[in-house]
Amino acid sequence: MKGIDDLPEELLVMIFKNVESPDRLKCKEVSTQWFRILMEEKCFSMDRHICLKQCVMDRNKPPMSIFMNSTYAYERVTFSYGLTYGNVGDYLDFIKKLGQNVKHVKIVYELPKLFEFLLEEMQLVESMTFQLSTETGLFKFSSTLKSVKGQVLKNLKLIQFDKVSVFEFGEYVKNLGYGIGQLDNFSVYQFGQSVKVIRKMIPINTRIMISAMTILVNDWFIEPFSALTVAFVDSVHIEHLNIVFSSGSDTSQQMENLINVPKLSCEYLTMVFGYHEAPFELIKIFLEKNSQIKNVKVKCENAPPDIQIPQITDLELVELKTPVFCLGQFENLSRLSFQDRHDQCYFGHDLITVKNQKIKSLDLGLRSIECIDCIETTIKSFPGLQSITASIKVKDITIIERMLQTWTELTDFNVKVHSKTNIELMPPIFNELPKNTNMKKFSLAYDEGVRLPNNIFENIVQVFPNVEHLTLDYIKAIESSYSLVSALIPGLQHLKILVLKSSLCFTPLQTTDIELTKRHLIQHGYELNDDFSWNDKKLLKYLEK
């Protein structure tokens with residue numbers, strides 16, 4: 001009987017062209033014929049990839065011994081951390097051969113050793129991507145270019161840096177607590193000089209991109225936005241620009257300075273005013289000048305005034321002191337979130353009074369919905385909601401069912417119930433629900449702990465057949481992990497992560513029960529790793545099918 005291996009190679013090539021690149025990599029492991037086709041056909045050249053991570057370059061040992069004796073041309077290479085060599089001659093020979101064909105270079109965590117030699121040898125490179133551990137990759141790259149004689153990377157079309165941070169007072173910034181990560185003192189002057197060096201040393205038509213650029217603004221920072229002027233003049237494209245106004249700075253004056261900057265070249269803009277008010281009138285003027293920016297997030301502590309700012313798509317309110325009565329002026333607002341705590345019944349009574357059909361994501365943070373009226377107002381205000389994160393304090397816990405029945409487009413449901421009555425058994429909230437094929441992530445927690453109904457997982461399979469991440473928190477007891485998992489799998493074909501948590505101690509499960517559970521998961525294509533555990537805090541978690 002003939003099989004797929006008997007098909008003409010031309011037909012196999014046509015089939016592989018319709019397969020995604022990650023899956024073609026798996027196809028290489030099926031047979032020597034498939035491996036040869038996928039390695040030799042020019043149309044699959046981008047799949048030929050070398051990843052150098054935690055390895056020693058030695059011509060007598062893999063990976064170098066395999067590469068040096070290979071007849072295949074590799075066009076993509078990733079240099080990651082832990083790359084060393086015993087003999088510098090071996091490493092240089094490896095770089096020379098690699099440079100004969102490689103066109104796409106990705107550098108992760110740190111620059112590879114002898115980076116200047118690498119640049120000189122890889123003259124066919126068309127794109128370089130930097131994902132370094134610090135936010136000064138652009139500066140380090142330009143410093144290396146200075147030591148190279150003559151123009152290099154003559155075929156370079158794109159160079160991309162994943163993150164760049166421009167600040168003064170580097171040590172001062174590290175203590176501000178903005179969550180920016182590990183910072184070096186990368187000043188505006190250094191940024192400007194680095195860009196000029198790169199522009200001088202690489203082809204003039206090369207596109208320079210920065211995935212995320214952060215600028216800290218304070219009253220001590222002289223001309224904080226001159227870095228944006230440099231980016232504009234030297235055609236540096238910024239995908240996501242983060243402007244952080246430090247505590248105590250004159251935000252109105254700084255916004256006026258920002259208005260005078262030439263048009264920005266960025267797709268997404270985040271303006272963080274933190275724990276002080278945002279000058280929305282000036283933001284409106286700035287965004288009217290930069291109409292090419294379509295997605296803007298504003299984080300501040302004041303309720304926005306009733307002025308039209310269509311470019312704001314994401315609004316995060318911090319320690320809000322005044323009510324928000326209407327968000328109709330933000331016609332494209334798709335995400336609304338809060339970062340504050342209010343113990344009184346506050347949210348639903350003073351928030352939205354007009355339906356906002358476009359808001360798809362609502363994150364209430366530590367704010368609590370404390371009565372039925374609040375929940376009803378929320379449901380009516382956001383009829384098209386797809387993602388909800390909330391904390392609920394009500395006696396009538398069937399309101400969970402009401403939310404799930406109304407928001408039929410939900411893809412992400414993350415709710416914690418602070419019940420005012422002691423609930424022993426989780427209510428049968430899934431019994432009457434319509435099927436929701438959109439739900440991808442479902443998380444539900446009861447602060448006092450509950451027992452799970454016997455049929456809860458059968459119902460979840462029926463209601464959320466496409467769920468990928470399922471979390472149930474504060475569970476009081478589980479008798480058998482095998483019966484639990486076998487009820488979900490293989491029913492949930494797309495399930496990748498299952499988490500059951502408990503804040504209470506319970507009787508440990510039988511070893512045979514856990515082994516049956518593991519065997520069941522493996523039989524259905526799941527790879528168990530160190531995240532698979534069973535203890536008094538995290539009951540079960542498995543990753544990736």
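This is a predicted model: local features need pLDDT of at least 70, side-chain atom pairs count only at pLDDT 80 or more; totals for chains, interfaces and linings use all residues.

Reader: What makes the pair of Phe130 and Phe161 stacked?

Author: Two values decide it. Rings pair if their centres lie within 6.5 Å, and planes under 30 degrees apart count as stacked. The centres of Phe130 and Phe161 are 5.1 Å apart and the planes meet at 15 degrees, so the pair is stacked. This pair links distant parts of the chain, with Phe130 in strand E6 and Phe161 in strand E7 (residues 158-161), 31 residues apart.

Reader: How many aromatic pairs are found in the whole structure?

Author: The search finds 12. Another of them joins Phe115 and Phe130, with 6.3 Å from centre to centre and 90 degrees between the planes. Planes over 60 degrees apart count as edge-to-face, and that is the label this pair carries. Phe115 lies in helix H6 (residues 115-121) and Phe130 in strand E6, so the pair ties together parts that are 15 residues apart in sequence. Phe115 and Phe130 are both buried. Together with Phe141 and Phe161, they form one aromatic cluster.

Reader: How do you know that the charged end of Lys97 sits over the ring of Phe67?

Author: One part of the test is distance: NZ of Lys must be within 6 Å of the ring centre. The charged end of Lys97 is 5.3 Å from the centre of the Phe67 ring. The test also asks for a position within 35 degrees of the ring normal, and Lys97 is reported as sitting over the ring.

Reader: Why is Ser127 called buried?

Author: Buried means under 20% relative accessible area. Ser127 has 15% relative accessibility, so this residue counts as buried. Ser127 belongs to strand E6 (residues 127-132). Leaving out residues up to four places away in sequence, Ser127 touches Lys103, His104, Val105, Leu156 and Leu158.

Reader: And what makes Leu404 buried?

Author: The cut-off is again under 20%. Leu404 has 6% relative accessibility and therefore counts as buried. Its place is in helix H15 (residues 399-406). Beyond neighbours within four places in sequence, Leu404 is in contact with Leu410, Phe413, Leu433, Met439, Phe442 and Phe464. Leu404 and Phe430 are 26 residues apart in sequence, while their C-alpha atoms are 9.0 Å apart.

Reader: How do you know that the length of helix H9 agrees with what a helix should span?

Author: At 1.5 Å a residue, the 14 residues of H9 (residues 188-201) should span 20 Å, and the end C-alpha atoms are 20 Å apart, so the two agree. Among the buried residues of H9 are Val188, Phe191, Val195 and Ile198.

Reader: What makes E5 and E6 paired strands?

Author: Two strands pair if there are at least two bridges between them. E5 and E6 have 6 bridges and pair in the parallel sense; Val108 has Gln131 in E6 as its bridge partner. Strand E3 (residues 76-79) also runs parallel to E5, joined by 4 bridges, and Thr78 stands opposite Lys106 in E5.

Key: Residues are numbered from 1 along each chain as its sequence is written. Side-chain values use heavy atoms; hydrogens and water are left out. Helices (H or I, at least four residues) and strands (E, at least two) are DSSP runs, numbered from the N terminus. The expected span of a helix is 1.5 Å times one less than its number of residues. Buried means under 20% relative accessible area, exposed over 50%, partly exposed in between (1.4 Å probe, protein chains only). Contact means heavy atoms within 4.5 Å. Rings of Phe, Tyr and Trp (its six-membered ring) pair if their centres lie within 6.5 Å; planes under 30 degrees apart count as stacked, over 60 as edge-to-face and the rest as tilted.
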